[in-house]
Amino acid sequence: MQVNVVNLLDKDSKSNLNLDDKVFAAPYSEGLVHQVIVSYMAAARAGTKQNKGRSDVRGGGAKPWRQKGTGRARAGTNTSPIWRGGGVTFAARPRSFEKKVNKKMYRGAMRSILSEQIRKGALVVIEDLKLETHKTKDFLNVMSANNIDNAIFVEETLSENTYFASRNIPNIWAIDFFSLNPYDLYTAKKLVMTTAVMQKIEEWLS
């Protein structure tokens, strides 16, 4: 397939880029995409929550009072979950929420998401951003001239100018190729990628 390459700084400059249909025209698999995104988000969870069970709290040992004759309910330990200051009944423990997804599934989901974004017209391919300064004002001028107000910019290697110029703008994210992930690709209103990134994606997913 062939896509237009846009020059954000010069609208009159136009060219085309040939892409592999196996990567960028793949059918959309909702189940696969859902599974991979859930796995990605689950792996980001810290899983560090912890409560104290009845064996972890301070106390226990001696029986609080004798079994019979006091008129009170029988009790064997003051660490019981029904006591104030006792342990938690089903105490949370640190654990991993990671869900296994193999490479074939992950790459298949990435192909599916990218292809769907192209079909929706949400992918913009550019030669290179090449900002001369790191001023946010200059970056905003470029975006407004190209009707971009909510997008993820992807460069092969994130330049300092792009990073500093975009970091304070709401709904704009600038990342490098190695930071690509299924969640960002799926939720992006618009994807702005350089030709170098598109070629690296093609090599990776073909």
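Residues are numbered from 1 along each chain as its sequence is written, and side-chain values use heavy atoms, with hydrogens and water left out. Because the model is predicted, local features need pLDDT of at least 70 and side-chain atom pairs count only at pLDDT 80 or more, while totals for chains, interfaces and linings use all residues.

Two strands were taken to pair if DSSP finds at least two bridges between them. Strands of a sheet pair through backbone hydrogen bonds, either parallel or antiparallel. In this model, 6 strands form an open sheet in the order S2-S1-S3-S6-S4-S5, with mixed pairing. S2 and S5 stand at the edges, each with a single partner strand, so one side of each is left without a neighbour in the sheet. Direction ignored, neighbouring strands of this sheet are turned by 30 degrees against each other on average; axes here are lines fitted to C-alpha atoms, for helices over the stretch in contact, and angles run from 0 to 180 degrees between N-to-C directions.

Strand S1 (residues 2-6) runs antiparallel to strand S2 (residues 14-18), and 5 bridges join them. Within this pairing, Val 5 stands opposite Ser 15 in S2. S1 is also joined by 2 bridges to strand S3 (residues 123-126), and these strands run parallel. Here Ile 126 in S3 is the bridge partner of Val 6. Elsewhere in the sheet, strand S4 (residues 151-155) and strand S6 (residues 191-194) run parallel and are joined by 3 bridges, with Val 154 opposite Met 193 in S6. Helix H7 lies across S1, S2, S3, S4 and S6, and runs at about 90 degrees to S6.

Two packed helices are described by the angle between their axes and the distance between the axes. For helix H2 (residues 30-43) and H3, the axes come within 9 Å and cross at roughly 115 degrees. In the contact (heavy atoms within 4.5 Å), Leu 32, Val 33, Gln 35 and Val 36 in H2 meet Met 105, Tyr 106, Gly 108, Ala 109, Ser 112 and Ile 113 in H3. The residues of this contact of H2 with H3 divide into 7 nonpolar, 3 polar and no charged; Ala, Val, Leu, Ile, Met, Phe, Trp, Tyr, Cys and Pro count as nonpolar, Asp, Glu, Lys and Arg as charged, and the others, Gly among them, as polar.

Two residues of H3 were examined individually, with buried meaning under 20% relative accessible area, exposed over 50% and partly exposed in between (1.4 Å probe, protein chains only). Ser 112, found in helix H3, counts as buried at 1% relative accessibility. Residues up to four places away in sequence not counted, Ser 112 touches Pro 27, Tyr 28, Ser 29, Val 33 and Arg 119. Gln 117 is likewise found in helix H3 (residues 103-119) and is buried, at 2% relative accessibility.

Rings of Phe, Tyr and Trp (its six-membered ring) were paired if their centres lie within 6.5 Å, planes under 30 degrees apart counting as stacked, over 60 as edge-to-face and the rest as tilted. The count comes to 6 aromatic pairs. One of them, Tyr 163 and Phe 164, is edge-to-face, at 5.1 Å centre to centre and 70 degrees between the planes. Tyr 163 is partly exposed at 40% relative accessible area, as is Phe 164 at 31%. The rings of Phe 177 and Trp 204 have their centres 6.2 Å apart and their planes at 85 degrees, so this pair is edge-to-face. Phe 177 lies in the loop between strand S5 (172-176) and helix H6 (182-187) and Trp 204 in helix H7 (residues 195-205), so the pair ties together parts that are 27 residues apart in sequence. Phe 177 is buried at 10% relative accessibility, whereas Trp 204 is partly exposed at 27%. Tyr 106, Phe 177, Phe 178 and Trp 204 form one aromatic cluster.

Note on methods: Helices (H or I, at least four residues) and strands (E, at least two) are DSSP runs, numbered from the N terminus.
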